[in-house]
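Me: I have a model open and want to know what stands behind the terms used for it. Take me through them, please.
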Amino acid sequence: VPMIIWEGAPHVICGQGPAPAAATIEAFAGHELIPGTGPLAACVPGAFDAWMLLLRDYGTWELTDVMAFAIGFARDGFPVVPRLAHALDVVTWEHTWERSGSRLRNHVLADTYERLARSPGATREARIDAARDAFYRGWVAERMVSGLLSLDDLARFAATVEEPVSFDFRGWTVFKTGPWGQGPVFLQQLALLEGFELGEFLGVEHVHTVIECAKLAFADREAWYGDSAPVPLDLLLSRSYAAERRSLVGAAASGSLRPGGPNPRLPGSGRGERVPG
């Protein structure tokens, strides 16, 4: 979970868990692609620690009061559309969801949250940290280990607070996460759009220009973004680069993936493949 919060200034809370240490190329031998669901696809679940960090450092409520809402939804159920219910049936390898008509319940999750909500401690902050410890280094972690995910993977993880990436657009400063959360894609779109007169809102020219700029920004995402390698954000968000890329927006819609920058690479068949500039 990526969060952007304001506490006198903008901050980003990164709740994106990494892949397990055992998720090596060799571990996926026999797979053309890494599976999209199931134990082999699981990363460290970072959302819980991000929520707890947000509550501890920026909130005032007690853990029990905050978790009461999630416990209620899990215990009593919530209405969902049929396609969501079907998707859960397909991807859940350990059946914990109970479907009754159009409502879903998860008693295992409710029990888990209730026990976490009762985590001991002398202060509000200590009780929250006790829940975090139980989740990543205690009884919850022991139940979560599956596939490539290990206790060491869980124990090493902690959500972090970092500075956002920003772009000034026509009198507004827009903040996003770093490239691990693909947030700069939107900033790149703004940098490209800055040089256009968009015309009537949602008119033909407006829609065409916005979509073509989005295609260029997402092509750069495919070629450059990641969380374990340098990403040339200074270049990708520069106005000189935007001006260069803006010239690719023509009167006709493009069907090509056209990343820019020096020697752009796109993933393909398990290796980076160079793409003509």
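**What the terms rest on**

Reply: Start with Asn106, which lies in the loop between strand S5 (103–105) and helix H4 (107–117). Helices (H or I, at least four residues) and strands (E, at least two) are DSSP runs, numbered from the N terminus. This is a predicted model: local features need pLDDT of at least 70, side-chain atom pairs count only at pLDDT 80 or more, and totals for chains, interfaces and linings use all residues. Residues are numbered from 1 along each chain as its sequence is written, and side-chain values use heavy atoms, with hydrogens and water left out.

Me: Why is Asn106 called buried?

Reply: Buried means under 20% relative accessible area, exposed over 50%, partly exposed in between (1.4 Å probe, protein chains only). Asn106 has 5%, so it counts as buried.

Me: What does Asn106 touch, leaving out residues up to four places away in sequence?

Reply: Ala74, Thr96 and Trp97. Contact means heavy atoms within 4.5 Å.

Me: What makes strand S2 largely enclosed?

Reply: Five of the five residues of S2 (residues 10–14) are buried, so the rest of the structure largely encloses this strand. Both faces are covered: Pro10, Val12 and Cys14 on one side, His11 and Ile13 on the other. In a regular strand the side chains alternate between the two faces of the sheet.

Me: How do you know that S1 and S2 pair?

Reply: Two strands pair if DSSP finds at least two bridges between them. Strand S1 (residues 2–6) and S2 have five, in the antiparallel sense, so they pair. Met3 stands opposite Ile13 in S2. Their hairpin has three residues between the strands, and Gly8 there takes a positive phi near 80°.

Me: What joins S2 to strand S6?

Reply: Three bridges, with S2 and S6 (residues 160–162) running antiparallel. Cys14 stands opposite Thr160 in S6.

Me: Why are S3 and S4 said to stand at the edges?

Reply: The open sheet of three strands has the order S3-S5-S4, with antiparallel pairing. S3 (78–79) and S4 (98–100) each have a single partner strand, so one side of each is left without a neighbour in the sheet. S3 and S5 pair over two bridges. Pro79 has Arg103 in S5 as its bridge partner.

Me: How confident is the predictor?

Reply: pLDDT is the predictor's confidence in each residue, from 0 to 100. The mean for the protein is 91, and 95% of its residues reach 70 or more. Over residues 269–274 the pLDDT is below 50, and this stretch has ten contacts in the model beyond near neighbours in sequence.
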